[in-house]
Structure formats: C-alpha cells, structure tokens
Protein chains: 2
Amino acid sequence: MPKLDEEANTDASVAPKRGRRLSEDRSDVILSTVLELINEVGYDQLRVQDVADRANVGLSTIYRRWPTKQDVVRAALQCEEAAQKWVTTGDARADVKSTLVKLAENLAGDGGQTVLGLLATMRTDPEVRDLFRETMLDHLHLHLRTLLASELGEDHPDLDLRASAGPAILIYTAAICGKPMDAEAMAERLADLLFAPTPGLG
Amino acid sequence: MPKLDEEANTDASVAPKRGRRLSEDRSDVILSTVLELINEVGYDQLRVQDVADRANVGLSTIYRRWPTKQDVVRAALQCEEAAQKWVTTGDARADVKSTLVKLAENLAGDGGQTVLGLLATMRTDPEVRDLFRETMLDHLHLHLRTLLASELGEDHPDLDLRASAGPAILIYTAAICGKPMDAEAMAERLADLLFAPTPGLG
C-alpha cells in the first residue's frame, strides 16, 4: 500500500500510528468517496478504481477490506445511515419534524439525483435494491413509525401509511416532480398532517 | 406501407376505408405497443424498430407521423394519460378514492416497473423527464388538487402537499419499497388522511 503510507507520512504534525487507527480513518475517506461518486455518476457507473483514485489509496486497500463493489457500497450506505443518528428527544412531533427537515435538506442538494440513481439501479440490480431498502428505507421507516406510535398509539391503523408518507412526499416532490422545497416549511406541514387525528378514530 | 395495406386487407369482414380512419386505428396499436415495450424493457432500451415489428407496421408508418422516438413516446404517454378519463361525480372524496385505487392497481402490476424505468430515464434524459412530468404527473396533480379544494377550500395551505401525498405514497410503497398493497384498503385510508381536518385550521 505505498500510496497509503506516503499519505500518512506527509502529515508531519500527527505522529503516524500505524495499523488500526490509520486504516479506520482511511475507511471514512473511502466510504464518503463512494457516496460522492454515487451522487455524481450513479451506482451503475461507479468504478472502484475511481474511488481509489479520488480517495488517494491503492485499489488493493479497498479490495482487501471489501472484496466487491457491492460490499463497499453496502458499507458506505450503512455508514451513511448510521451517521444519520436520528435524534429522539421525547417530543415525538419535534423529532418527526427534525427528521423530515434533514431528509428534505439532503434531497434538495445532490440527494435527489442520488435517489434517482439508486432507483435506476434498483430496477436492474436486486442486490442494490435490497441493500437500499434494508439500510436506508427500513431504518427510516422504523424510526418514524416509533415516533408516530408514541403519540397516536401502537394500535393506530395508519402507522405504516403515515410513516411512509414523509419520505414518500419528499422524494416525490424533490426527485420525481423536481419542485423546489422549503425544507423547514415542508417538514412543519408534513408533521401536522402525520399527527392529524383520523376522523372516526378517537 | 405494404405491411399496413396487407394488414387492412386481411380483415375481409370490414370494408377497408383507407386513410384517416384506418391509420387512426393503427395509431392506437402503435401507441399501446410503445407503452408495452416501455414496461418490458424501459425507455432507454426501447427501439422504434421493435415497436414496428410488434405492431406489425412498417417503420416508415411510425416515422411519418412521429419523426423521433421521443415524439412517439410523448404521444403514447399523452394517449395513456387521456385514456385515464378521471371521473368526477360531484363526491370529491369518492373521486379521490377511485383515482387512487386506479393508480394503486396500475402500480401493483407492471406499472411499478414502468415507473422505475421512467425514473431511471428521467435522470439522464431531460426530455423524457419533462414529458413524464407534463403528461402524467401534472395532470394527476391538478385533478387531485381540484377535488381536494372542492372540500377543503381553495385557500387551504396544504392543497399541493395533499395532492402530492396520494401518488407519492403509492409510488413509494409499491415501486421504491416494493411492498404489496391492497389497492382498495390503501386508497380508503389515504383518502381519510387527505381529507383530515388540519389541527388549528377551522
């Protein structure tokens, strides 16, 4: 891994601790580079060599840890998902709103194009499809469903429908219809709708 | 157009009226074949020659009327859109529900794959993107918005949000999350949510 060692040594201000710590730092760069490239060119056009070039590491550094392109993409999506750190403050409505604001902000930038790229790949690649559903979508759904249940009640018949509604409307508006969104205002109105009492229920 | 003439002449039970009527009938076959092939292979893989072969017409029959692939696809989408014939009975809630049932049924079959295919193409082809938005999405939005406004009032602040919510949730659930849907039950609950009074508004 000549490139990796060179990189570490150029940073003279930090005593280079070889091994675990160094490669973990490098992993972050690799995984964020994967997400960058998915944003820019889409999963289908993503080449591991391009990741290596941009992250300034050897190709074998990547392949040693993640034997296939799907492995490194899975890791990048899981890392991104974990980095979301959904906040729960005890105020379910505020937490739903802040989750939707974050999602809307992501979709307003490169995120809309990323989502379209992932959707394009889902159509032809069942592995990516399952990956995207299991990392991003399922976790987001569970998070929103739990928040909604804490106020509407665990037996409310529309928990799944309403937990889907936020991401659905944001993805539809930003990525599919291509309309500009004010993240704060949109999330505020969505939260009102999601917590609205259902006529005929309580 | 030898193929076209041969086709017409084989149907001995119908006096073949040449010209406008005949070619209009043939147009329907061509346009429905375009939609079939978009479902099966996606817009990107669609070849006008394949349309001609399956519709059993000469390639020049298609190109004479629609000079480019985009033209014939636009016509097919517009035709499909017009064929929806959104019903308005005066009962806005029932009309919203029936619109959403129809949409859910379409998405449950080949439609989910078609939508993913169109989304995939939207990402790389601005012409198709605008086409899809202008034919399918905008008309559907306007139809739902008008129905919602008739009950919630033209000045309700969430008309656009709620008009988007139905298609958004159905596309998200069926095409993106790949979850099975009961069209009737889903549309019923969605209609309840879309007509729910907003807390703090009347």
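## Contact between α7 and α8 within chain A

Two residues are taken to be in contact if their C-beta atoms, placed from the backbone, lie within 7 Å. On that basis, in this predicted model, A:Leu140, A:His141, A:Leu144, A:Arg145, A:Leu148, A:Ala149 and A:Leu152 of α7(A) meet residues of α8(A). The partners in α8(A) are A:Leu159, A:Asp160, A:Arg162, A:Ala163, A:Ser164, A:Gly166 and A:Pro167. By class, the residues of this contact comprise eight nonpolar, three polar and three charged.

Two packed helices are described by the angle between their axes and the distance between the axes. For α7(A) and α8(A), the angle is about 125 degrees and the axes are 9 Å apart. The two helices α7(A) and α8(A) are therefore oblique to each other, because angles of 65 to 115 degrees count as roughly perpendicular and only those over 145 as roughly antiparallel. The crossing of α7(A) and α8(A) is right-handed.

## Domains of chain A

The domain assignment divides chain A into domain 1, covering 2-75, and domain 2, covering 84-194. Contact between the two involves seven residues of domain 1 of chain A and ten residues of domain 2 of chain A.

On the side of domain 1 of chain A that touches domain 2 of chain A, α2 (20-41) and α5 (69-83) each supply at least two residues. The residues of that side of domain 1 are two nonpolar, three polar and two charged.

## Relation of the two chains

## The interface between chains A and B

The contact between the chains draws 29 residues from chain A and 29 residues from chain B. On the side of chain A that touches chain B, at least two residues come from each of α6 (92-124), α7 (126-152), α8 (159-176) and α9 (183-194). The most is given by α8(A), with ten residues. In composition, this side of chain A has 18 nonpolar, six polar and five charged residues.

## Crossing of α8 with its counterpart

Helix α8 of chain A also packs on helix α8 (residues 159-176) of chain B: their axes come within 7 Å and cross at roughly 105 degrees. That makes α8(A) roughly perpendicular to α8(B).

From α8(A), the contact is made by A:Leu161, A:Ser164, A:Ala165, A:Pro167, A:Ala168, A:Ile169, A:Ile171, A:Tyr172 and A:Thr173. From α8(B), it is made by B:Leu161, B:Ser164, B:Ala165, B:Pro167, B:Ala168, B:Ile169, B:Ile171, B:Tyr172 and B:Thr173. The residues of the contact of α8(A) with α8(B) divide into 14 nonpolar and four polar, with no charged residue. A:Ser164 and A:Pro167 take part in this contact and also in that of α8(A) with α7(A).

Notes:
Residues numbered from 1 in each chain as written. Chains lettered and ligands numbered in written order. Predicted model: local features only at pLDDT ≥ 70, side-chain atom pairs only at ≥ 80, totals over all residues. Domains from an automatic or database assignment. Helix = DSSP H or I, 4+ residues; strand = E, 2+ residues; numbered from the N terminus. Nonpolar A, V, L, I, M, F, W, Y, C, P; charged D, E, K, R; others polar. Axes fitted to C-alpha atoms, helices over the stretch in contact; angles between N-to-C directions. Parallel < 35°, antiparallel > 145°, perpendicular 65-115°, else oblique. Left-handed = near helix turned anticlockwise from the far one by under 90°.
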